[in-house]
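Here's a quick briefing to read with the structure open beside you. Take it one topic at a time and find each piece on screen as you go.

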Amino acid sequence: MPTVPRGGKVLVSGANGYIAMWTVKILLQQGYRVRGTVRSAEKGKFMSDYFAKLGYGEAFEFVIVQDIIKDGAFDEVVKDVDAIEHMASPVHFNPGDPQGEWYLCFYFSYLISLGIETLKPAIQGTVSMLKSAMKNGTKVKRIVITSSTAAIASLNLDLFTEPRIFSERDWNEASPKEVEELGSKASAVTVYRASKSLAERAAWDFYNEHKAQVQWDLTVINPPGVFGPPIHDVTSPKSLNLSLQVWYDMVASGSPKTKEALSQSPAWVDVRDTALAHVLALNNEAAGAERILTVSDFEGVCYWQKWIDTVNNLKPNPHPSHKFIFGYPEIAQEKVVLATLDKSKEERIFGIKFKTMEETAKDTLEDFARRGW
Ligand code: NDP
């Protein structure tokens, strides 16, 4: 399949989101032109102002697509673009969640109030984009979709009790099954995981069914928990996107945590590396028709105490006015994580030099310090 060289025009859906803003930035830095979809003019203006200040006023434009579920929602905006990064998908949060499950299952348990409504925009939004691309995207050569490790494994890695290596060959079939059985009684964690698994499945099914009729192919990026400095429109820790909000609470807020809580966490990757993978996917022939795990060092396996130890060892302290907790350093000796993620496909196709935990922690804390958080 032909790839999309620099200079091409790229449609990014949900462009104002945490990962998407970085993706747009790297696209512009690499010489692509970008059309971002947002749900309001205010969100678009924030982006236009941000990128104009960086000198990309001409290369960035936004369009409003309010309802991504609607058939034909993307019909107009896919015209004349060379590639699509589909990144819009619900990642909600509900502060009323009970702590125990929240720590156990990472942030997705915040989603308790969503019920199966979450599935709709995730699945139909994805299919709607592909349908519009098939109908009107006459120039489109590649579509990149943001999926998740949630489409690969049904639990955080540290919760598996047997040794296991997860790769792109694995599918999370357990969460969709549970949602099917329990309906709106399924836990929010399961609903989110099911939404990512089902949305990605729907994308591959659509692609495989229509391969002969379209001139584009598909690449899917599967990141674990994404952390790192934000550039999207956030005004307080509470307005952060879900994954970074949890990182703030666990690592930066200074509020005490139990040993159990600090013994857990999702695998992780830096937001800038995740965004870079989305950009590299455009101009890399081997990325066509692949799902690709993008994970940081140590196969992304960690637990919150590791972040706490890292932060306390940073020299100089990137957030001097702030007091970090010490937690329970003995967790490092006690904790054994049996499951890992196979990074070999990413290494073969992209070969990204992933940011270390030190780099991600330092840059994020410096950003928080600048914002006075
Ligand atoms: P954000 O919440 O920062 O961004 C989500 C984007 O999707 C926003 O632009 C949001 O628009 C848009 N969106 C959400 N719901 C809808 C909807 N119903 N209709 C239209 N647009 C919608 O999340 P992230 O940047 O963290 O996530 C981006 C993608 O990456 C998602 O697909 C997510 O599942 C995936 N992902 C994220 C991980 C993480 O740890 N952050 C890990 C693995 C995958 P608005 O601002 O208007 O609400």
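**The sheet and its strands**

Let's start with a pair of neighbours: strand β5 (residues 142-146) and strand β7 (residues 217-222) run in the parallel sense and are joined over 5 bridges. Keep in mind that you're looking at a predicted model. Across this pair, Val-144 sits opposite Thr-219 in β7.

- Zoom out and you'll find that the pair belongs to an open sheet of 7 strands, in the order β3-β2-β1-β4-β5-β7-β10, with parallel pairing.
- The edges of that sheet are β3 (60-64) and β10 (290-293), each of which pairs on one side only.
- Going from one strand to the next, the twist averages 20°.
- Another pairing to look for is β1 with β2, which is parallel and has 4 bridges.
- Within that pairing, Leu-11 has Arg-35 of β2 as its bridge partner.

**A closer look at β1**

- Is β1 enclosed or open? With 5 of its 5 residues buried, β1 is largely enclosed by the rest of the structure.
- In a regular strand, side chains alternate between the two faces of the sheet.
- You can follow that pattern here: Lys-9, Leu-11 and Ser-13 point one way from β1, while Val-10 and Val-12 point the other way.
- Whichever way they point, all of these residues are buried.

**Helices lying on the sheet**

- Helix α2 (residues 41-53) lies across β2 (33-38) and β3, and its direction is at about 175° to β3.
- Helix α4 (residues 119-136) also packs on the sheet, where it touches β1 (9-13), β4 (83-86), β5 and β7.
- The direction of α4 makes about 175° with that of β4.

**Helix against helix: α10 and α13**

- When two helices pack, we describe them by the angle between their axes and the distance between the axes.
- For helix α10 (residues 304-312) and helix α13 (residues 357-370), the axes come within 10 Å and cross at roughly 70°.
- Angles of 65 to 115 degrees count as roughly perpendicular, so that's the word for how α10 and α13 sit to each other.
- The crossing of α10 past α13 is right-handed.
- Which residues do the meeting? On the α10 side they're Lys-306, Trp-307, Thr-310 and Val-311, and on the α13 side they're Met-357, Glu-358, Thr-360, Ala-361 and Leu-365.
- Sorted by type, the residues of this α10 and α13 contact come out as 5 nonpolar, 2 polar and 2 charged.

**Helix against helix: α5 and α6**

- Helix α5 (residues 174-182) and helix α6 (residues 188-210) have axes that come within 8 Å and cross at roughly 120°.
- Is this crossing left-handed or right-handed? The α5 and α6 crossing is left-handed.
- From α5, the contact uses Ser-175, Pro-176, Glu-178 and Val-179.
- From α6, it uses Thr-190, Val-191, Arg-193, Ala-194, Ser-197 and Leu-198.
- By type, the contact of α5 with α6 has 5 nonpolar, 3 polar and 2 charged residues.

- Ser-154 is in the loop between β5 and β6 (164-166).
- At 24% relative accessibility, Ser-154 counts as partly exposed.
- What does Ser-154 touch, leaving aside its neighbours within four places in sequence? Its contacts are Phe-160, Asn-172, Ala-174, Ser-175 and Arg-193.
- Ser-154 and Arg-193 are 39 residues apart along the chain, yet their C-alpha atoms are separated by 6.9 Å.

**Backbone details in the loops**

- Look for the cis peptide bond from Lys-315 to Pro-316, where omega is near -5°.
- Pro-316 is in the loop between α10 and α11 (331-334).
- Asp-80 isn't a glycine, but it has a positive phi of about 70°.
- You'll find Asp-80 in the loop between β3 and β4, where it is partly exposed with a relative accessible area of 37%.
- Ala-289 isn't a glycine either, and its phi is positive at about 60°.
- This residue, Ala-289, is in the loop between α9 (271-280) and β10, and it is partly exposed with a relative accessible area of 40%.

Notes. Residues numbered from 1 in each chain as written. Predicted model: local features only at pLDDT ≥ 70, side-chain atom pairs only at ≥ 80, totals over all residues. Heavy atoms only, no water. Axes fitted to C-alpha atoms, helices over the stretch in contact; angles between N-to-C directions. Helix = DSSP H or I, 4+ residues; strand = E, 2+ residues; numbered from the N terminus. Parallel < 35°, antiparallel > 145°, perpendicular 65-115°, else oblique. Left-handed = near helix turned anticlockwise from the far one by under 90°. Contact = heavy atoms within 4.5 Å. Nonpolar A, V, L, I, M, F, W, Y, C, P; charged D, E, K, R; others polar. Pairing = 2+ DSSP bridges. Buried < 20%, exposed > 50% of the residue type's maximum accessible area, 1.4 Å probe, protein only.
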